[in-house]
Amino acid sequence: MHYRLSDYETALSYLKQSLRIARETGDRSGEGATLAKIGQVHFIIGDYDKALDYLQKSLRIQRELGNRAEEGSALNSISQIHKALGDYEKALDFLQKSLLVTREVGNRSGECAVLNNIGMIHKTRGEYEKALDFLQRSLKIRREIFDRSGEAPTLNNIGLIFLSRGDDEKAFNYLEQSLSIQRDLGSRTGESTALNNIGQLFLARGDYEKALEYLKQSLKITKDIGYRSGMIATLNNMGHIALKKNDKRKALRYWSDAWNLAMASKDASGIFNTGWSMGDLYARGGIKKKHVYF
């Protein structure tokens, strides 16, 4: 329950107690499942080294037990860490293995998650048609099996594809659908992500006040729940708004905060985006060095 409500500190406390009991009682299946959950929480809060360690331990146990469904899930989760670290080839390798397993065991929900994640790697590479194909396949299955918790992030990701292609109307439609479902489900992480992405849409339109309104809502949630990768993305976008409004010092403060968080969690995408933004500002002579906020 605490995991679903995005109370990650409390979730970790209970999960570690559960892990201790599983080990004391020799419950290998419970140990593997709990290790995976702990890894997923560390991934969400941006601690990728710990996340990878827990998930690799979980994967070893699932393979020892012959638990193919959980093996597929662990492979998928590990792929997302490699994606966050910027190693897309390794991420795709894990996703292809996961897709094979989920289809073999008939895990349709797991198959959706993998299709979604493959789509997002293609998006990152700018391969929007491929990305859209995988995401729409994922959405179709999500709706067939009435998986609303999975439908919401897939809708969000399709919205991002249309945003990248400059189709604001379709993007807003998908993002609003995602936001509505996330709020219905009480997913604070998902809600903050949807708010951030709608903020990006208004930023692209040049409606900076509206963009800031959504981004401030997103930032508050990410700080409340300790969602570091969400904070990084939102702060980065707020920096761009400040720059558009010609407040270069404020832009640098936002980007510096995002950079420090990204460096602490080794978030490759966050490091690249904020580093590029700050580097570009200095390269254009936009600000003097004495205003650095590291």
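**Figure 1. Lys140 and Glu144 pair up in a salt bridge.** The closest N and O atoms of Lys140 and Glu144 are 2.6 Å apart; a salt bridge here is a side-chain nitrogen of Lys or Arg within 4 Å of a carboxyl oxygen of Asp or Glu. Both residues sit in helix H7, four residues apart, or about one turn of the helix. Helices (H or I, at least four residues) are DSSP runs, numbered from the N terminus. Lys140 counts as exposed because its relative accessibility is 54%, while Glu144 is partly exposed at 38%. For these labels, buried means under 20% relative accessible area, exposed means over 50%, and partly exposed is in between (1.4 Å probe, protein chains only). What you're looking at is a predicted model, in which local features need pLDDT of at least 70 and side-chain atom pairs count only at pLDDT 80 or more, whereas totals for chains, interfaces and linings use all residues. Residues are numbered from 1 along each chain as its sequence is written, and side-chain values use heavy atoms, with hydrogens and water left out.

Figure 2. If you're keeping count, the structure holds 25 salt bridges.

**Figure 3. Arg183 and Glu191 meet in a salt bridge that belongs to a network.** The N to O distance between the two side chains is 3.1 Å. Arg183 is partly exposed, with a relative accessible area of 42%, but Glu191 counts as buried because its value is 13%. Follow the shared partners and you get one network of salt bridges made up of Arg183, Arg188, Glu191, Lys220 and Asp224.

**Figure 4. Lys216, Arg249, Lys250 and Arg253 make a positive surface patch.** Patches are built from residues with over 30% relative accessible area and no salt bridge, with like charges joined within 9 Å. Lys and Arg are the residues that count as positive; His and the chain ends are not counted. Helix H13 (residues 248-265) supplies the largest share of the patch, three residues. Lys216, for its part, lies in helix H11 (residues 208-225).

**Figure 5. Asn246 and Lys266 each have a positive phi.** Most residues other than glycine have a negative phi. Asn246, though not a glycine, has a phi of about 65°. You'll find Asn246 in the loop between helix H12 (228-244) and H13, where its 58% relative accessibility makes it exposed. Lys266 has a phi near 55° and sits in the loop between H13 and helix H14 (268-283). Lys266 is partly exposed, at 43% relative accessible area.

**Figure 6. Asp147 is a buried loop residue with a polar contact.** Look for Asp147 in the loop between helix H7 (128-144) and helix H8 (148-164). Asp147 counts as buried because its relative accessibility is 12%. Its side chain and that of Ser149 are joined by a polar contact of 3.0 Å. A polar contact is a pair of N or O atoms within 3.5 Å; within protein, one must be able to donate a hydrogen and the other to accept it, and residues adjacent in sequence count only if both atoms are side-chain atoms.

**Figure 7. Val41 and Gly190 are two buried helix residues.** Val41 belongs to helix H2 (residues 28-44) and has a relative accessible area of 0%. Val41 and Tyr227 are 186 residues apart in sequence, with a C-alpha to C-alpha distance of 9.8 Å. Gly190 is in helix H10 (residues 188-205), with 12% relative accessibility. Gly190 and Gln17 are 173 residues apart in sequence and 27 Å apart in space, again C-alpha to C-alpha.

Notes
Patches are made of residues with over 30% relative accessible area and no salt bridge: like charges are joined within 9 Å, nonpolar side chains (Val, Leu, Ile, Met, Phe, Trp, Tyr) within 5 Å. Accessible areas come from the Shrake-Rupley method with a 1.4 Å probe; for residues, only the protein chains shown count as cover. The place of a charge is taken as NZ of Lys, CZ of Arg, CG of Asp or CD of Glu.
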